[in-house]
Amino acid sequence: SRCLILHGYGEPFLDKKLIERIQSCAEKNISTYFSCTPANMTVEKGIKAMEAGLNVLKFSIDAMNEEDVRKIRGRKANFKPAMKNILQLLEEKKKRNLKTLIVPCMIKFNEDEKNEKMHQNFLNFWKDYDVYAYIKSQDNRWLFEKNKEMKNLSHYAKAYCEYPFTSL
């Protein structure tokens, strides 16, 4: 394995033993990675994870404004504070010379003009930051039911379920 993935069916920053898990892996030279929604991260938690040795921290960002994020994540979603925390975390990473790769990611929910424009705005927003930002095709059928014309470009679309062979 190239790294240990510390997410799956839950939010890593809600795991009370997350930092211990990252440190344990770092001590054994095991790379670590997880994906989370930025709403569950505080800057303090992010710094602790990076200082513990987290190799890759990926943020799932669903939209580029409060209204659209709330349509996807619910009325308590908090786009502006979440983005502010990510930007502050990037500043702290640079100030402390931490090596964690920060990965903002947006899932391609639809291929219409509005979404294509949002995807371009997302990539443009991150171009001047030390991150690896990208748009991800859907691995699941989350919104395919709403748009029958949308193509599933995921390599998982025709694959077997790999979890029994790759996860604990």
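Which residue's side chain meets that of Glu51 in a salt bridge? Select Glu51 and Arg96: their side chains form the bridge, at 2.9 Å from N to O. A salt bridge here is a side-chain nitrogen of Lys or Arg within 4 Å of a carboxyl oxygen of Asp or Glu.

The model is predicted, so local features need pLDDT of at least 70 and side-chain atom pairs count only at pLDDT 80 or more, while totals for chains, interfaces and linings use all residues. Residues are numbered from 1 along each chain as its sequence is written, and side-chain values use heavy atoms, with hydrogens and water left out.

**Whole chain**

Start with a cartoon view. The protein chain has 6 helices and 5 strands, in the order β-α-β-α-β-α-α-β-α-β-α from the N terminus. Helices (H or I, at least four residues) and strands (E, at least two) are DSSP runs, numbered from the N terminus. Of the 168 residues, 38% count as buried; buried means under 20% relative accessible area, exposed over 50%, and partly exposed in between, with a 1.4 Å probe and protein chains only. In a surface view, the chain exposes about 11,200 Å², of which carbon and sulfur atoms supply 50%. These areas come from the Shrake-Rupley method with a 1.4 Å probe, and for residues only the protein chains shown count as cover. Contacts mean heavy atoms within 4.5 Å. Among contacts in the chain with a separation of 6 or more, 64% are between residues 24 or more positions apart.

**Salt bridges**

The whole structure holds 12 salt bridges. Return to Glu51 and Arg96, paired at 2.9 Å. Glu51 lies in helix α2 (residues 43-52) and Arg96 in helix α4 (residues 79-96), so the pair ties together parts that are 45 residues apart in sequence. Glu51 is partly exposed at 47% relative accessibility, and Arg96 is partly exposed at 40%.

Next select Asp62 and Arg73, whose side chains meet in a salt bridge of 2.5 Å, N to O. Asp62 sits in the loop between β3 (56-60) and α3 (66-73), and Arg73 is in helix α3, 11 residues apart. Asp62 is buried at 7% relative accessibility, whereas Arg73 is partly exposed at 46%.

Asp15 is partly exposed at 28%, as is Arg21 at 38%.

Select Val43, Gly46, Ile47, Ala49, Met50 and Ala52, the buried residues of α2. They pack against α1 (18-27), α4 and β4 (101-107). Just after α2, Gly53 takes a positive phi of about 115 degrees.

Which residues touch the most other members of the largest nonpolar core? Select Phe34, Leu57, Phe59 and Ile61, out of 31 residues in this core. The elements giving two or more residues to the core are α1, β2, α2, β3, α4, β4 and α5. A nonpolar core is a set of buried Ala, Val, Leu, Ile, Met, Phe, Trp, Tyr and Cys residues joined through side-chain atoms within 4.5 Å. Centre on Phe59: leaving out residues up to four places away in sequence, its contacts include Cys36, Met41, Ile86, Leu89 and Val103.

**Strand β2**

Ser35 is in strand β2 (residues 32-36) and is buried at 13% relative accessibility. Its side chain joins that of Ser60 through a polar contact of 3.3 Å.

**Aromatic pairs**

There are 6 aromatic pairs. Select Phe13 and Phe34: the ring centres are 5.2 Å apart and the planes are at 85 degrees, so the pair is edge-to-face. Phe13 is in the loop between β1 (4-5) and α1, and Phe34 is in strand β2, 21 residues apart. Both Phe13 and Phe34 are buried.

Move to Trp126 and Tyr129, with ring centres 5.6 Å apart and planes at 65 degrees, so this pair is edge-to-face. Trp126 is buried at 1% relative accessibility, while Tyr129 is partly exposed at 36%. Ring pairs link Phe122, Phe125, Trp126 and Tyr129 into a cluster.

**Last stop**

End at His119 in helix α5 (residues 113-126). His119 is buried, with a relative accessible area of 4%. Beyond its neighbours within four places in sequence, His119 contacts Met106, Ile107, Lys108, Asn110 and Ile135.

Terms used
A polar contact is a pair of N or O atoms within 3.5 Å; within protein, one must be able to donate a hydrogen and the other to accept it, and residues adjacent in sequence count only if both atoms are side-chain atoms. Rings of Phe, Tyr and Trp (its six-membered ring) pair if their centres lie within 6.5 Å; planes under 30 degrees apart count as stacked, over 60 as edge-to-face and the rest as tilted.
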